[in-house]
Amino acid sequence: MQHVKKSRMLTFSLLLQFQRVPARGHWHIYYTHLEPQGFPRPSLFQMTPDDVVFLASPLTFDPSVVEIFLALSSGARLLIVPTAIKRMPNRLAHVLFKKHKTTVLQVTPTLLGRFRRRVLQEEVLSAGSSLRVLALGGEACPSLALLRSWRQQGNCTHIYNIYGITEVSCWACCYHLPESLLQSTDMAESSVPLGPPLMETTVELRDEDGCVITQGEGQVFIGGMDRVCLLDDEVTVAPGTMRSTGDWVQIRDTHLYFLGRRDRLVKRHGQRLHLDTLQQVVMSLPQVEACAVGLYEGSRLVAFVVACSTSGEQKATHSSSPVEHQVEHLEETAPSTRGLQKAILHRLSQVLPSHSVPDTLVLVPALPLSSHGKVSMGELMKIYQRQRAGSESHSALGDMETLRERLQSLWRETLGLTEDEAIQEDSNFLLSGGDSLQALRLCDDITTVVGVTSSGLLEVILDGSFSDILRHVTIATLAFPSEHSRTSHPVSMKRLADPVSSAQPKRQHTDPYSTTAAEWPLGVVVSSLKKAVRCTVVRRAGEVVEMGQSDSLRTNENSYSDSEGPIKRTRNTQEKGANESIESNHSQTFGSNKWTESNHSQAVETNDPSASSVTPPSREAGGLGLVVSWESDTGRCVDASPVLLVQRGADGSSGGTRATVFIGSHSHRMQALDLTTGGLLWERVLGDRIESSSAVSQCGRLVVVGCYDGGVYFLCVESGETQWVFETGDAVKSCPTVDPLTGLVMVGSHDGHVYALDPQVRQCVWKRHCGCGAVFSSPCLHPSLRQLYVATLGGHLLCLNPDTGAVLWTYSRKTPFFSSPSCSSGHIIIGSVDGNICCFSHTGEMVWQYVTNGPVFSSPCITPDKQRVVCGSHDGCVYCLNCTDGSLVWRYQTPSRVYSSPCVFDGSAWGKEGTLVGLASTDGTLCILDGEDGTLRASLSLLGELFSSPVVWERSLVVGCRNDFVYCVAPTGELK
């Protein structure tokens with residue numbers, strides 16, 4: 001971040017542009033003032049050269065011009081903060097008000113609300129805050145009650161409601177909230193006026209017929225003789241042109257009060273409803289921190305609510321010492337999700353007419369924002385759509401009892417009943433407290449779940465009993481199979497036509513046998529985890545970690561650990577002793593990136609993208625093919641690599657095995673999927689995009705993942721509920737690693753530090769700055785040697801003590817390390833952007849390096865016998881090297897760059913003795929190679945780039961794709 005301060009000469013020349021005398025008008029039908037093109041004069045905010053203006057708006061958003069010229073025209077300083085810091089509210093508040101003493105802040109209410117109430121009261125609007133001017137614009141101004149709740153007693157910040165539209169360049173009206181209004185306890189006045197027009201600005205109010213009005217409700221039009229902006233293909237505009245705003249306001253006591261957008265004024269059940277007004281009412285409730293209201297598919301009223309934190313915000317204590325201790329307390333004192341939803345809806349039903357009460361209330365951790373800091377309603381509707389899809393996918397209608405339970409759940413949800421309240425067979429909906437609108441809502445929910453439309457269902461709900469409804473729905477589903485059963489997948493899902501595969505095409509998150517997170521009682525989860533004695537975690541580069549076997553753990557040659565600890569770290573392969581130097585007959589043209597028939601005898605052809613998301617399976621020598629068994633839509637690109645958690649029963653048998661896939665995407669979503677069916681077990685929306693692969697804690701109860709917002713999230717394995725968030729100073733793209741002895745979670749950040757976090761006490765045990773450059777790659781731990789290896793984009797490879805963070809040795813290179821280090825008993829191997837695959841001893845000496853023909857971003861995968869290493873390169877090749885001297889064992893040419901890590905895995909489940917290598921190239925090609933000689937055994941092309949590393953468990957290969965999908969691929973046929 002940096003201060004930008006212009007010279008006095010430039011300041012003076014800009015000030016000259018603002019020395020015109022305003023021509024005062026008066027309010028009549030409309031009123032006119034004069035001011036240069038929508039920029040408030042510095043005198044409006046009493047600007048001085050001592051002010052610090054925060055550049056909150058992106059340069060693509062016209063209010064940024066106001067921020068820039070406010071600073072320049074008064075000689076003040078303009079504070080520019082990196083985008084990553086803007087994504088972290090707590091850290092941003094520290095930078096703005098503790099470090100740089102910001103005095104002028106122009107921001108959207110939603111963006112301001114991201115600070116949350118505690119930070120707003122204690123830092124932004126505290127009694128001693130440096131903030132002199134707070135200008136709120138771009139959205140409806142928060143209610144007076146909400147503004148009062150944000151201010152600490154004694155705060156002196158001047159608050160302004162500013163209004164305008166892009167079509168007339170920046171601001172048009174400004175209202176300075178009097179201190180007496182902010183201090184008042186009168187709850188009758190809740191709305192904030194738009195304020196009088198700025199100079200040279202004309203504001204008119206017109207009714208639906210286009211006539212100018214002086215009272216009542218109408219649409220705002222803005223213009224003026226000198227307020228001229230050219231739009232689209234316009235080359236000239238007549239002076240005095242008035243632009244429609246699309247905003248609906250009301251005149252009360254000569255003041256304009258915002259009601260909502262014209263396109264947000266809807267009719268519902270024959271009554272007019274302002275969605276923005278409803279939004280303000282919801283936000284006025286004490287349980288609500290922020291809210292957005294919208295219509296789903298034009299009819300269903302949905303309120304998205306960010307609940308207030310009753311136990312305080314997550315807080316980290318920063319110190320300047322090399323070893324910092326950061327503690328965050330998250331007390332579980334908030335009411336349950338269902339209880340909170342019920343309380344909010346109940347209160348709304350008391351203060352609102354029935355047509356204004358939302359049909360559904362969705363709790364979200366934060367409101368997603370557009371690049372301009374406004375609420376993204378499109379993203380919110382995607383969340384709700386996915387929630388409905390998840391609800392539908394878990395409604396198994398195969399037996400009467402399951403259908404009964406689902407209908408009872410919908411009945412309770414509609415009436416706001418608790419889960420333990422029984423629904424009798426003879427219960428009548430209206431006599432149980434329902435009304436006609438709720439009956440319509442229940443009818444819609446049942447139709448959505450069962451996928452059948454029945455004209456008589458509403459009458460049965462109104463007049464019949466619960467058993468009548470159950471009987472009616474059962475008959476309807478038998479007579480008319482649901483849309484889910486008549487079609488193989490929704491239109492939005494891209495499926496392959498595979499005559500070879502016997503696997504059923506996966507519908508989006510459809511799994512009749514899976515259990516949603518909401519259906520897992522916490523006591524059952526905890527008790528089941530305590531009983532479990534065997535748990536396996538499978539990560540990229542063929543890494544397998546077995547947990548929960550401390551009593552019976554035996555040392556083998558594949559283990560990183562000697563004999564201590566509850567975790568055994570192995571490779572997902574069987575040992576092979578042979579180390580012949582074999583050149584693959586599929587890689588004859590080593591010096592070329594050309595994809596020819598000589599190195600791929602059965603090249604995969606790409607089908608029409610509109611027809612399928614994958615090509616038909618390609619069978620290579622030996623009769624092995626690949627086919628997609630399921631796919632899951634995450635909403636945005638998937639660059640993260642999947643992590644698999646395999647949980648077994650107490651006897652260690654496979655009879656009670658459950659395998660779960662954890663993966664995040666650019667959509668901010670973290671998903672847990674059933675490995676067998678692809679069914680969505682739970683989904684959580686984090687603070688920003690997710691590129692980091694996750695890890696599982698030592699106890700097996702937490703999944704840990706880094707996020708672009710700088711947070712390291714600790715989520716419950718069973719439900720996805722957030723248990724702890726540790727905030728670093730920048731984006732976290734590094735994949736965490738877990739110490740099997742101490743349980744510490746080690747992770748790197750783009751702030752240049754590596755952190756050791758203790759999830760049990762929710763504390764940062766130590767952190768270490770790594771010299772220079774962000775820590776993009778994942779730390780690698782050698783448990784028995786007690787050495788942690790960390791690489792940076794500044795070209796440093798460090799060896800740290802995992803217990804204290806002390807530096808044991810450092811190696812410096814001029815080129816960045818995007819590759820993550822891999823270690824065995826005698827070597828540390830890492831790829832470099834300069835094209836080298838480098839091998840070091842555990843004391844930091846260079847042992848050998850192998851030169852490829854392109855940058856190496858791929859992380860090396862060491863085979864279980866620790867004799868070979870497999871690694872990809874941007875030259876399109878995958879190299880198998882001898883760990884002892886770096887000599888080439890074999891090389892395979894792929895059709896494109898190899899960014900991800902190869903996966904060496906046991907081939908027995910695929911009909912192959914020994915090992916196989918799964919790899920992905922960026923053009924979307926998945927390949928299965930023979931681990932001994934690099935021979936191509938099978939391949940499949942996905943219609944999207946592959947940066948995610950494949951992970952294999954038994955007969956399932958899982959990989960993320962940049963076409964927004966996660967794929968599970970299985971073999972067909974057998975290797976011979």
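## Exposure and Glu954

A residue counts as exposed when its relative accessible area is over 50%, and as partly exposed when the value lies between that cut-off and the buried limit of under 20%. In this predicted model, Glu954 has a relative accessibility of 53%, so Glu954 falls in the exposed class.

Glu954 sits in the loop that links β51 (951-953) to β52 (956-960). Its phi is near 55°, a positive value in a residue other than glycine. Most residues other than glycine have a negative phi.

## His668

His668 also has a positive phi, near 75°, and is likewise a residue other than glycine. The loop that holds His668 runs between β24 (658-664) and β25 (669-674).

The relative accessible area of His668 is 24%.

An open sheet is formed by 4 strands, in the order β43-β44-β45-β46, with antiparallel pairing. Its edge strands are β43 (861-862) and β46 (888-893), each of which pairs on one side only. Strands of a sheet pair through backbone hydrogen bonds, in either a parallel or an antiparallel sense.

Cys861 has Val870 of β44 as its bridge partner.

Notes
Residues numbered from 1 in each chain as written. Predicted model: local features only at pLDDT ≥ 70, side-chain atom pairs only at ≥ 80, totals over all residues. Heavy atoms only, no water. Pairing = 2+ DSSP bridges. Helix = DSSP H or I, 4+ residues; strand = E, 2+ residues; numbered from the N terminus. Buried < 20%, exposed > 50% of the residue type's maximum accessible area, 1.4 Å probe, protein only.
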